[in-house]
Amino acid sequence: ERIEKKRAEIGVALDKLGRLVAGDKETAQFKVVTATRATYVTSQQEILKMVAESRKDEAVQYLLTTMRKSQNDYLNELRTLIKLELEEVAQANQQASTAYRSTRAMMIVLTLLSAALAGFIVFWITRSITRPIAACVDVAEKLSEGDTDQRVEVRGKDETSQLLASM
C-alpha cells in the first residue's frame with residue numbers, strides 16, 4: 001500500500017517535471033526516463049505479486065537480477081536527465097551573465113555620453129551668458145575712461161542684450 005502511494009506521488013512529480021522539460025535533448029531523455037520507469041514499475045509489481053503468493057525464494061532471485069537491473073537503468077537515466085538539466089541551467093546562467101555585462105557596458109557608455117552632452121550644454125549656456133556680460137563690462141570700462149566712441153553689437157532681446165543696447 002505504501003509502495004502504491006509513493007509510486008503515485010512519483011508519477012505526479014514526473015508529470016509536473018515533464019511539463020517543465022524544455023529542449024530537444026531533455027525531452028528525448030525524459031521519454032527514456034519514463035520508459036525505464038515503466039519497466040521498473042512492472043518489475044516492482046511482479047516482485048510484490050511473488051511476495052503476496054509466498055514465492056519468497058523466487059522473489060529474492062528476481063530482486064537481485066531483473067529488478068535490480070531495471071532499477072539501476074531507471075536511476076541512471078534520471079541522473080542523465082539531471083545532468084542535461086544542469087547543463088541547460090549553466091548555459092542559461094552564462095547567457096544571462098553575458099546579457100548583464102553587455103547591458104551594463106551600454107549603460108556606462110550612455111551615462112558618459114549623457115554627461116558629455118550635459119557638459120557641452122552647460123558650457124554653451126554659460127558662454128552665451130558670459131560673453132555678452134564680458135562685452136558689457138568692456139564697454140563700461142571704456143566709457144568710464146572717457147572713450148564714448150564705442151560700438152556695441154547687440155544680438156537678441158534678453159536682459160543682457162537690453163543692457164548692451166542702453167550703453
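Predicted model: local features only at pLDDT ≥ 70, side-chain atom pairs only at ≥ 80, totals over all residues.
Two helix pairs get a closer look: α1 with α2, and α3 with α4.

**α1 against α2**
- Helix α1 (residues 2-20) packs on α2 at an angle of about 175°, and the two axes are 12 Å apart.
- Angles over 145° count as roughly antiparallel, so α1 and α2 are roughly antiparallel to each other.
- On the α1 side the contact uses I3, R7, I10, G11, L14, L17 and G18, which meet F30, R37, V41, Q44, Q45 and L48 of α2.
- By type, the residues of this α1–α2 contact split into seven nonpolar, four polar and two charged.

**α3 against α4**
- Helix α3 (residues 56-144) and helix α4 (residues 159-166) have axes that come within 10 Å and cross at roughly 20°.
- That crossing angle makes α3 roughly parallel to α4.
- The crossing of α3 past α4 is left-handed.
- P132, I133, A135 and C136 of α3 make the contact with T160, L163 and L164 of α4.
- Six of the residues in the α3–α4 contact are nonpolar and one is polar, with no charged ones.

- Leaving aside residues up to four places away in sequence, I47 touches A59, Y62, L63 and M67.

Definitions and conventions. Residues numbered from 1 in each chain as written. Heavy atoms only, no water. Axes fitted to C-alpha atoms, helices over the stretch in contact; angles between N-to-C directions. Helix = DSSP H or I, 4+ residues; strand = E, 2+ residues; numbered from the N terminus. Parallel < 35°, antiparallel > 145°, perpendicular 65-115°, else oblique. Left-handed = near helix turned anticlockwise from the far one by under 90°. Contact = heavy atoms within 4.5 Å. Nonpolar A, V, L, I, M, F, W, Y, C, P; charged D, E, K, R; others polar.
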